[in-house]
Amino acid sequence: MVTLQDNGTVLHEGTEVGYLGWHDNMIVDVFIDEEYRNQGFATEAVSQMVERVRGDYDKIRVNTVLSPEMETVLKKNGFENKVVKSSVLDFSDIPSVDRPPQEEEIVWYKILG
């Protein structure tokens, strides 16, 4: 059995196996000790976090560097992703820029309903 504590500690049968850091409706970081990985602990911790914030927010965002394993955890919890393009530089002082350089970022989110 996995339990997500209020302070973000992830417990399995009373043993600390990792943590899930979040602020309001944003997941900041998820970490599970190597010996406890691939057992569904991160998936369950994220699921419990979703349930904690469901009544207060309509969307959860993820603000972390994602590994393929973390992407799997998010997908299992119903998160989606999209590519967001943003300008790399501030061109407000330049009168005309036809095609400013843009940076692509993958944003993960879950709409709560």
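This is a predicted model: local features need pLDDT of at least 70, side-chain atom pairs count only at pLDDT 80 or more; totals for chains, interfaces and linings use all residues.

**Exercise 1.** Find which elements give two or more residues to the largest nonpolar core.

*Solution.* Start with the members: the core has 24 residues, and Val10, Leu20, Ile27, Val46, Ile60 and Phe79 touch the most other members. Next, sort by element: β1 (2-4), β3 (15-23), β4 (26-32), α1 (41-53), β5 (59-62) and α2 (68-76) each give two or more. Of these, α1 gives the most, with seven residues. Finally, zoom in on Ile27: beyond its neighbours within four places in sequence, Ile27 is in contact with residues including Leu20, Val46, Ile60 and Phe79.

**Exercise 2.** Work out how α1 and α2 are oriented to each other.

*Solution.* First take the geometry: the two helices pack at an angle of about 45 degrees, and their axes are 9 Å apart. Angles between 35 and 65 degrees fall in the oblique class, so α1 and α2 are oblique to each other. Their crossing is right-handed. Now look at who meets whom: Ala42, Thr43 and Val46 from α1 meet Met70, Val73 and Lys76 from α2. By type, the residues of this contact are four nonpolar, one polar and one charged.

**Exercise 3.** Decide whether Leu4 is buried or exposed.

*Solution.* Locate Leu4 in strand β1. Its relative accessibility is 1%, and buried means under 20%, so Leu4 counts as buried. For its surroundings, leave out residues up to four places away in sequence: Leu4 touches Thr9, Val10, Leu20, Trp22, Ala45, Gln48, Met49 and Arg52.

Conventions:
Residues are numbered from 1 along each chain as its sequence is written. Side-chain values use heavy atoms; hydrogens and water are left out. A nonpolar core is a set of buried Ala, Val, Leu, Ile, Met, Phe, Trp, Tyr and Cys residues joined through side-chain atoms within 4.5 Å. Buried means under 20% relative accessible area, exposed over 50%, partly exposed in between (1.4 Å probe, protein chains only). Helices (H or I, at least four residues) and strands (E, at least two) are DSSP runs, numbered from the N terminus. Contact means heavy atoms within 4.5 Å. Axes are lines fitted to C-alpha atoms, for helices over the stretch in contact, and angles run from 0 to 180 degrees between N-to-C directions. Angles under 35 degrees count as roughly parallel, over 145 as roughly antiparallel, 65 to 115 as roughly perpendicular and the rest as oblique. A crossing is left-handed if the near helix is turned anticlockwise from the far one by less than a right angle, and right-handed if clockwise. Ala, Val, Leu, Ile, Met, Phe, Trp, Tyr, Cys and Pro count as nonpolar, Asp, Glu, Lys and Arg as charged, and the others, Gly among them, as polar.
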